[in-house]
Amino acid sequence: MAAVWRRLALAGRPGPWARFTAAAAAAAARPELRARLRDGRVGMWMRSLVADYREACKEIVVGARDNPWKASLYCLLLGGAATCAYYNPSEKSFQESLLESSNQLLVLSPLVRNCHADRHIQKLVTIKTQGRLRHVSLGVFSLMYTAPYDPDTSIYGAHCEYLRPRWSDFPDRILDLGFLGKWWVLVSKMKDWDINDDEFAHLPAELRTVTPQNLHSAENERLFELKFQPIILREEDMQEGEAS
C-alpha cells in the first residue's frame with residue numbers, strides 16, 4: 001500500500017488521505033458560505049419573496065374558504081381561458097383547413113359546388129397567392145386578416161406610413177376567427193359545400209327548403225313502403241280499362 005501512495009505522490013496525484021482532508025475542509029467551510037448567503041442581500045430578498053408568496057397563498061385559501069362561489073367562478077374563468085389558449089388555432093392550421101376545403105371543392109363539378117363556398121375559397125386562395133394573408137394570435141383566439149401588400153413589395157405605397165390602412169378599417173379586413181381549434185367563418189362557408197342552390201331556383205319557394213321534419217315524416221315513410229306493395233286490380237278497374 002505504501003508503494004501505491006509513493007507512486008501517486010511521484011505522479012503528482014493526491015493520495016487518499018489528502019483527498020479526505022480536502023473534503024473535510026470543504027465541509028467545514030460550507031456552513032460559513034451558507035451563513036453568508038443567508039444573511040446577505042440575496043438571502044434577505046429571497047426570504048422576503050418567499051414570505052410574500054406564502055402570505056398570498058394563505059389569503060387565497062382563506063378567501064376561497066369564505067367565498068366558495070366566487071372562488072369557483074374564478075377557477076372556471078381561469079380554466080376556460082387556459083383551455084381557449086391551449087386550443088387556439090395557428091396559421092398552419094388555417095392553411096391546412098383552406099387546403100382541405102379547396103380539395104373538397106376541386107373534386108366536384110362546377111355545376112354541383114355551392115357558389116357561396118366556391119367564391120369564398122377562391123377569394124382566400126387569391127389573397128394567399130398574392131402574399132397578403134396575415135395571422136395574429138390574441139391569446140385565447142386568433143384572427144386571419146388581409147394586408148394591402150405583400151411584405152416583400154418595394155413600391156412606395158407599401159412603405160409610406162401615411163398610406164397605411166387605418167385601425168378603424170381593420171374590422172373590414174378580417175377574414176376569419178379562430179377559436180377552440182376551429183376557423184368559424186370557413187366552417188360556416190363550407191356548410192352544404194356540395195349543394196348548388198342555383199339548381200333549385202326554378203322550384204317554388206316552399207320546395208326550396210327541406211326541413212328534418214320533411215325528411216323523417218310518417219307520410220314519407222308510408223309512401224316509401226307503399227311502392228313495394230303489389231298492385232291489386234279490382235273488377236271495376238278492369239271494366240273501366242276495357243271501356244276506355
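Colleague: F179 stands opposite K182 in β4. What makes β3 and β4 a pair of strands?

Modeller: The model is predicted: local features need pLDDT of at least 70, side-chain atom pairs count only at pLDDT 80 or more, and totals for chains, interfaces and linings use all residues. Residues are numbered from 1 along each chain as its sequence is written, and side-chain values use heavy atoms, with hydrogens and water left out. Strands (E, at least two residues) and helices (H or I, at least four) are DSSP runs, numbered from the N terminus. Two strands pair if DSSP finds at least two bridges between them. Strand β3 (residues 174–179) has 2 bridges to β4, so the two strands meet the rule and are called paired. Their direction is antiparallel.

Colleague: How do you know that β2 pairs with β1 and with β3?

Modeller: The same test applies. β1 and β2 are joined by 5 bridges and run antiparallel; V136 stands opposite L143 in β2. β2 and β3 are joined by 4 bridges, again antiparallel, and Y145 stands opposite I174 in β3. Strands of a sheet pair through backbone hydrogen bonds.

Colleague: Which strands are called edge strands, and why?

Modeller: The open sheet has 4 strands in the order β1-β2-β3-β4, with antiparallel pairing. β1 (133–137) and β4 (182–183) are the edge strands, as each pairs on one side only.

Colleague: Why is strand β2 described as largely enclosed?

Modeller: Relative accessible area decides (buried is under 20%, exposed is over 50%, partly exposed is in between; 1.4 Å probe, protein chains only). In β2 (residues 142–146), 5 of the 5 residues are buried, so the rest of the structure largely encloses this strand. S142, M144 and T146 point one way, L143 and Y145 the other way, and all are buried.

Colleague: What makes the contact of R113 and D118 a salt bridge?

Modeller: The term requires a side-chain nitrogen of Lys or Arg within 4 Å of a carboxyl oxygen of Asp or Glu. The closest N and O atoms of R113 and D118 are 4.0 Å apart, so the pair is counted. The rule gives a count of 1 salt bridge. R113 is buried, at 16% relative accessibility, whereas D118 is partly exposed, at 22%.

Colleague: Is K92 buried or exposed, and how do you know that?

Modeller: K92 lies in helix α5 (residues 91–106). Its relative accessibility is 60%, so K92 counts as exposed. The C-alpha atoms of K92 and H135 are 9.7 Å apart, although 43 residues separate the two along the chain.

Colleague: Which residues form the negative patch?

Modeller: They are D192, D194, D197, D198 and E199. D198 lies in the loop between α9 (184–189) and α10 (205–208) and is exposed, at 53%.

Conventions. Patches are made of residues with over 30% relative accessible area and no salt bridge: like charges are joined within 9 Å, nonpolar side chains (Val, Leu, Ile, Met, Phe, Trp, Tyr) within 5 Å. Accessible areas come from the Shrake-Rupley method with a 1.4 Å probe; for residues, only the protein chains shown count as cover. Lys and Arg count as positive and Asp and Glu as negative; His and the chain ends are not counted. The place of a charge is taken as NZ of Lys, CZ of Arg, CG of Asp or CD of Glu.
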